[in-house]
Amino acid sequence: MSSGIEGKVAVITGGSRGIGLAVAAQLLDLGAAGVAITSRRTGNLEEAVAQLKAEGKDLERVLPTAARADDDCHAARAIREAIERFGSCDILVNNAGTNPGAGNLMEVSRDAVDKTWAVNQRAPLVWTQEAWAQWMGSHGGCVVNVASVGGVRPAPLLGAYNISKAALIYMTSQLAMELAPRVRVNAVAPAVIKTRLSAMLWESDPVGTARLHPMQRLGEPGDVARAVAFLCSENASWITGVTLPVDGGVLGATPGMG
């Protein structure tokens, strides 16, 4: 069976580590013609390329691009460079995310709120606009947004982050309606994944945190990457406007949730 990814070109924001890097590796394994990974730090990109090389990936199909997710000019340039290098931009994965200030909404820093919403909420729209304007509007494609179970239900100290992910989930549905039938737009909603971004949620008690998930383990970046790859593929060609939980059962199997 075809992977449904062969020959396609992907741009992945925040692609230098964690979920983004796992998505890049997965798409390369499935036959993507090119994968552009972005990060705001060149050092992170160098480490990502070294890791992909160690895993035996074909670096001729990898384009590391220094770009801030919340910079409009960087978004335009990164999409353009991917098209110039590989000839298309068939897939956009809006993965970059941040949570610089945890706290209750009445106490959290407003600067932290602005930064969180700029990266998690506004930036995916800007990158999608650029992908649409430069390639997908004329040629088609698909977008996958990396949201969170926090966008579905509230949690202590994560209000600003969760609100940004709730907005991203709604925007996924809105864009799916507006961009159909040429472009499909979907999202994934992970629970706690073992990444640096979510370290504050699991590092102090990984066993206890795992037990909060019906599957009794924390998620790995690869768990999310496989779901993203499916939504990007032609095997999901009649799926749009969906937010797929990748959460070890937190939403679907826990009484009173979902």
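Which residues point one way from S2, and which point the other way?

A: The model is a predicted one. In strand S2 (34-39), Gly 34, Ala 36 and Thr 38 point one way, while Val 35, Ile 37 and Ser 39 point the other way. This arrangement can be read against a general rule: in a regular strand the side chains alternate between the two faces of the sheet. The residues of both sets are all buried. Because 6 of the 6 residues of S2 are buried, the strand is largely enclosed by the rest of the structure.

The pairing of the strand comes next. S2 pairs with S1 in the parallel sense, over 4 bridges. One of the residues involved is Val 35 in S2, the bridge partner of Ala 10.

Leaving out residues up to four places away in sequence, Val 35 touches Ala 10, Ile 12, Ala 24, Leu 27, Leu 28, Arg 61, Val 62, Leu 63 and Phe 86. Val 35 is also a member of the largest nonpolar core, which has 33 residues. Within that core, the residues that touch the most other members are Val 23, Leu 27, Val 35, Val 93, Val 188, Val 228 and Cys 232. Two or more residues each are given to this core by strand S1 (9-12), H1, S2, H2, strand S4 (91-94), strand S5 (141-146) and H8. H1 contributes the largest share of the core, 8 residues. There is also a second, separate core of 32 residues, and its members include Val 11, Leu 63, Ala 67 and Ala 69. Leu 63, named here in the second core, is among the residues that Val 35 touches.

Asn 44 lies in H2 and, apart from neighbours within four places in sequence, is in contact with Ser 16, Arg 17 and Ser 39. The relative accessible area of Asn 44 is 14%, so this residue counts as buried under the 20% limit.

Helix H1 (18-29), helix H2 (42-54) and helix H8 (221-232) each supply at least two lining residues. The largest share of the lining, 6 residues, comes from H1. By class, the lining is made up of 6 nonpolar, 6 polar and 6 charged residues.

Rolling a probe the size of a water molecule over the atoms shows where empty space is left. The count comes to 1 cavity of 30 Å³ or more, and the largest cavity has a volume of about 30 Å³. Ala 69, a member of the second core, is one of the residues that line this cavity, together with Thr 13, Asn 94, Asn 95, Ala 96, Val 119, Ala 123, Pro 124 and Trp 127. Helix H4 (residues 110-139) gives the most to this lining, with 4 residues. The lining of the cavity has 6 nonpolar and 3 polar residues, and no charged ones.

Definitions and conventions:
Residues numbered from 1 in each chain as written. Predicted model: local features only at pLDDT ≥ 70, side-chain atom pairs only at ≥ 80, totals over all residues. Heavy atoms only, no water. Nonpolar A, V, L, I, M, F, W, Y, C, P; charged D, E, K, R; others polar. Core = buried A, V, L, I, M, F, W, Y, C linked by side-chain atoms within 4.5 Å. Buried < 20%, exposed > 50% of the residue type's maximum accessible area, 1.4 Å probe, protein only. Contact = heavy atoms within 4.5 Å. 1 Å grid on protein atoms, 1.4 Å probe; cavity = no way out; pocket = protein on both sides within 12 Å on 5 of 7 lines; lining within 4 Å. Points joined across faces, edges and corners; volume = space filled by probe spheres on them. Pairing = 2+ DSSP bridges.
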